[in-house]
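Visitor: Could you walk me through this one? I would like the overall picture and then some detail.

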Amino acid sequence: MSTRPLLNRSLAGMGTTIFAEMSALATATGSINLGQGFPDTDGPREVAEAAARAVLDGRGNQYPPGPGVPELRAAITEHQQRFYGLTYDPDTEVLVTAGATEAIAAALLALLEPGDEVIAFEPFYDSYAACIAMAGARRVPLTLRAPAFRPDLDELRALITPRTRLLLVNTPHNPTGTVLTPEELAAVAELAVEHDLLVVTDEVYEHLVFAGAHHPLAALPGMRERTVAISSAGKTFSFTGWKVGWVTGTPDLVAAVRTAKQYLTYVSAGPFQYAVAEALRLPDGYYADFRADLHRKRDLLVDGLTAAGFRAFAPQGTYFVTTDITPLGEKDGLEFCRSLPERCGVVAIPNAVFYDDTEAGRSQVRFAFCKKVEVLEEAVSRLHALRTG
Ligand SMILES: Cc1ncc(COP(=O)(O)O)c(C=O)c1O
């Protein structure tokens with residue numbers, strides 16, 4: 001057998017995602033899993049019933065149309081109009097994907113050439129690095145640093161070179177919880193226009209903003225024609241296993257992403273697409289209650305972690321809280337997370353794995369709060385053992 005490495009070199013060293021490693025550790029040790037970002041309560045019953053009905057009524061059980069079922073594409077355009085005043089044509093400016101994950105992969109594979117540079121905030125959501133690498137492009141991190149985790153806009157300007165093709169902007173930002181302010185968004189947009197860059201936005205936490213508001217970059221002057229906006233139903237409706245995501249953008253951008261997407265999955269989640277169309281049309285009260293529930297849980301976990309001795313950085317958005325473990329006499333988040341299940345039966349994620357500049361995130365650890373109140377309370381009480389034990 002050849003000695004050539006089996007794994008394509010663009011993926012060398014990427015191994016298993018940290019989520020798989022930590023979720024396996026949670027199962028093996030019976031720990032409370034505040035690592036991976038999935039809710040422990042399913043989304044609205046009527047949405048689940050809509051999915052069941054679609055299966056039983058034979059809607060979506062065979063390959064749905066490549067761009068997504070018309071009902072869902074229409075619901076996505078209504079959502080963009082209702083929340084942001086953005087108008088999209090459901091036939092040419094919307095694409096349904098297998099979660100935001102496929103949308104990110106398809107967008108990057110479609111829009112990048114080998115050697116292109118992509119600027120993204122680090123810590124990065126882990127699929128960004130892999131997808132940029134699979135496209136043969138180079139990631140250029142703009143480091144969000146504790147305690148404020150704001151992007152340094154002068155640094156952003158300095159990172160732009162003639163090879164820069166694309167800005168990949170995640171707001172609300174996982175794992176730091178940063179929500180870009182209108183001023184920051186305007187500065188990012190100005191740079192994109194000035195340097196004629198494409199922009200891919202990852203907005204999967206768009207309905208989880210506790211301070212300020214979510215503003216899509218596509219709504220800013222000069223941005224609609226250069227922005228591929230991505231979101232998904234997983235977070236907003238608490239059905240992360242359904243993997244229904246979407247892209248909105250100009251017909252040219254959407255056609256480019258669709259070209260890559262059709263050879264990744266072709267189509268997915270047929271019956272779930274009908275259910276997500278109903279979910280997107282839920283009244284404002286659903287969205288408000290969802291946000292209020294997570295807001296309460298954020299406060300519970302931030303206060304609990306602080307009382308347990310962590311330095312907790314209250315997130316403005318998402319359902320994650322980043323902490324610093326230095327006050328506990330700890331330095332290394334990866335070691336800490338590997339030992340935590342054994343020490344006190346809780347699983348968390350080390351932020352260092354999301355940084356190229358691992359030193360910048362070495363002592364940071366992320367906890368998810370999309371869990372039942374009693375689960376969060378139990379986790380906090382277990383974490384108190386770190387101080388006493
Ligand atoms: C920032 C970010 N983008 C994308 C995703 C993936 O979304 P989906 O499950 O819809 O593929 C996640 C999930 O954790 C995320 O945190």
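Predicted model: local features only at pLDDT ≥ 70, side-chain atom pairs only at ≥ 80, totals over all residues.

Visitor: What does the secondary structure come to?

Guide: The protein has 15 helices and 13 strands. These are DSSP runs numbered from the N terminus, with helices being H or I of at least four residues and strands E of at least two.

Visitor: And what share of the residues counts as buried?

Guide: Of the 389 residues, 48% are buried. Buried means that 20 or more other C-beta atoms lie within 10 Å of the residue's own, exposed means 12 or fewer, and partly exposed is in between, with C-beta atoms placed from the backbone.

Visitor: Now H2. Which of its residues are buried?

Guide: Val47, Ala51 and Ala54 are the buried residues of H2. They cover an arc of only 65 degrees around the axis, which puts them on the same side of H2. The arc is that of the directions from the helix axis to the C-beta atoms.

Visitor: Why would residues some places apart point the same way?

Guide: An α-helix has 3.6 residues a turn, so residues three or four places apart point the same way.

Visitor: What is exposed on the other side of H2?

Guide: Arg45, Glu46, Glu49, Ala52 and Leu56. After H2 comes Gly58, with a positive phi near 75 degrees.

Visitor: Which residues are buried in H7?

Guide: Leu185, Val188, Ala189 and Ala192 are buried there. Their arc around the axis is only 100 degrees, which puts them on the same side of H7. Glu183 and Glu194 are exposed on the other side.

Visitor: What covers the buried residues of H7?

Guide: The cover includes strand S5 (164-170) and strand S6 (198-202). Contact here means C-beta atoms, placed from the backbone, within 7 Å.

Visitor: And what follows H7?

Guide: Asp196 does, and its phi is positive, near 50 degrees.

Key
Residues numbered from 1 in each chain as written. Contact = placed C-beta atoms within 7 Å.
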